[in-house]
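Please read it alongside the coordinates.

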Amino acid sequence: MPRKLLFVLLACAAPAVLAQAIYSWKDANGRIHYADSPPPDAQTRTLRQAPLAQRPAASEAASGNAPQSTAEKELAFRKRRAEAAEADEKARKQKLASDQQQQECTRFRQQLSGLESGQLTVRYNEAGEQVYVSDDERASEVARIRQYLERSCK
């Protein structure tokens with residue numbers, strides 16, 4: 001009977017021993033020590049965390065690691081999705097604006113090359129009649145397009 005009692009007591013005590021945390025540290029001589037409680041004046045490393053040890057709720061709340069409820073997780077997930085959708089929309093708008101700017105720059109470069117080629121250029125007046133562009137008008141238009149290209153199409 002005493003053997004059975006001893007075995008039962010050891011079986012009950014074993015989980016408590018296994019549940020303790022193990023710490024490691026080096027002393028002043030460079031020797032490594034292991035123990036279940038860290039010394040107060042040494043920098044320790046936790047090798048095994050006690051699974052049954054309860055963390056204080058105040059430290060969890062302060063560090064932001066408090067367990068979240070399902071509603072809080074859902075709210076955080078929806079917030080991340082909304083932020084991702086906003087970022088995608090912003091990127092799409094920027095790409096669209098960039099593409100439009102590139103098309104406009106290409107159109108102005110084509111106009112510039114046409115004006116500089118010396119071809120006769122025709123415009124339509126308010127009555128819908130063709131009017132040839134004079135050399136002075138051509139030069140001012142070339143200067144205006146070059147200025148736009150230098151400012152907007154780098």
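**Notes on the predicted model**

1. The backbone oxygen of Gln119 lies 2.7 Å from a polar atom of the side chain of Arg138; a polar contact is a pair of N or O atoms within 3.5 Å, where within protein one must be able to donate a hydrogen and the other to accept it, and residues adjacent in sequence count only if both atoms are side-chain atoms. The model is predicted: local features need pLDDT of at least 70 and side-chain atom pairs count only at pLDDT 80 or more, while totals for chains, interfaces and linings use all residues. Residues are numbered from 1 along each chain as its sequence is written, and side-chain values use heavy atoms, with hydrogens and water left out.

2. Arg138 is placed in helix 4, residues 135-152. Helices (H or I, at least four residues) and strands (E, at least two) are DSSP runs, numbered from the N terminus. Arg138 is buried but has no salt bridge, and Asp135, the nearest side chain of opposite charge, is 4.2 Å away. Here buried means under 20% relative accessible area, exposed means over 50%, and partly exposed lies in between (1.4 Å probe, protein chains only). A salt bridge requires a side-chain nitrogen of Lys or Arg within 4 Å of a carboxyl oxygen of Asp or Glu. As to charge, Lys and Arg count as positive and Asp and Glu as negative, whereas His and the chain ends are not counted.

3. Which residues does Arg138 touch, not counting those up to four places away in sequence? They are Gly114, Leu115, Gly118, Gln119, Leu120, Thr121 and Val133, contact being defined by heavy atoms within 4.5 Å.

4. Glu141 also has its place in helix 4. Because its relative accessible area is 16%, Glu141 is classed as buried. Leaving aside neighbours within four places in sequence, Glu141 is in contact with Leu115 and Arg123.

5. A search of the whole structure finds 1 disulfide, the criterion being a pair of cysteine sulfur atoms within 2.5 Å. The disulfide joins Cys105 to Cys153, with an S to S distance of 1.7 Å. This pair links distant parts of the chain, since Cys105 is in helix 3 (residues 70-116) and Cys153 is in the segment after helix 4, 48 residues apart. The torsion about the S-S bond is about -85°, so the disulfide is left-handed. Cys105 is buried at 2% relative accessibility, and Cys153 is buried at 10%.

6. Strand 1 (residues 22-26) and strand 2 (residues 32-35) run antiparallel and are joined by 4 bridges. Two strands pair if DSSP finds at least two bridges between them. Trp25 has His33 in strand 2 as its bridge partner. The hairpin of these strands has 5 residues between them, and within it Gly30 takes a positive phi near 90°.

7. Apart from neighbours within four places in sequence, Tyr124 is in contact with Glu129 and Gln130. The side chains of Tyr124 and Gln130 are joined by a polar contact of 3.4 Å.

8. How many salt bridges does the rule give? The count comes to 6. One of them pairs the side chains of Arg78 and Glu74 at 2.8 Å, N to O. These residues are 4 apart in helix 3, so Arg78 and Glu74 are separated by about one helical turn. Arg78 is exposed, with a relative accessible area of 53%, whereas Glu74 is partly exposed at 36%.

9. In another salt bridge, the side chains of Arg92 and Glu89 meet at 2.5 Å, N to O. Arg92 and Glu89 lie 3 residues apart in helix 3, and therefore about one helical turn separates them. Arg92 counts as partly exposed at 45% relative accessibility, and Glu89 counts as partly exposed at 33%.

10. Lys95 forms a salt bridge with Asp99, the closest N and O atoms being 3.5 Å apart. Being 4 residues apart in helix 3, Lys95 and Asp99 are separated by about one helical turn. Lys95 counts as exposed at 52% relative accessibility, while Asp99 is partly exposed with a relative accessible area of 34%.
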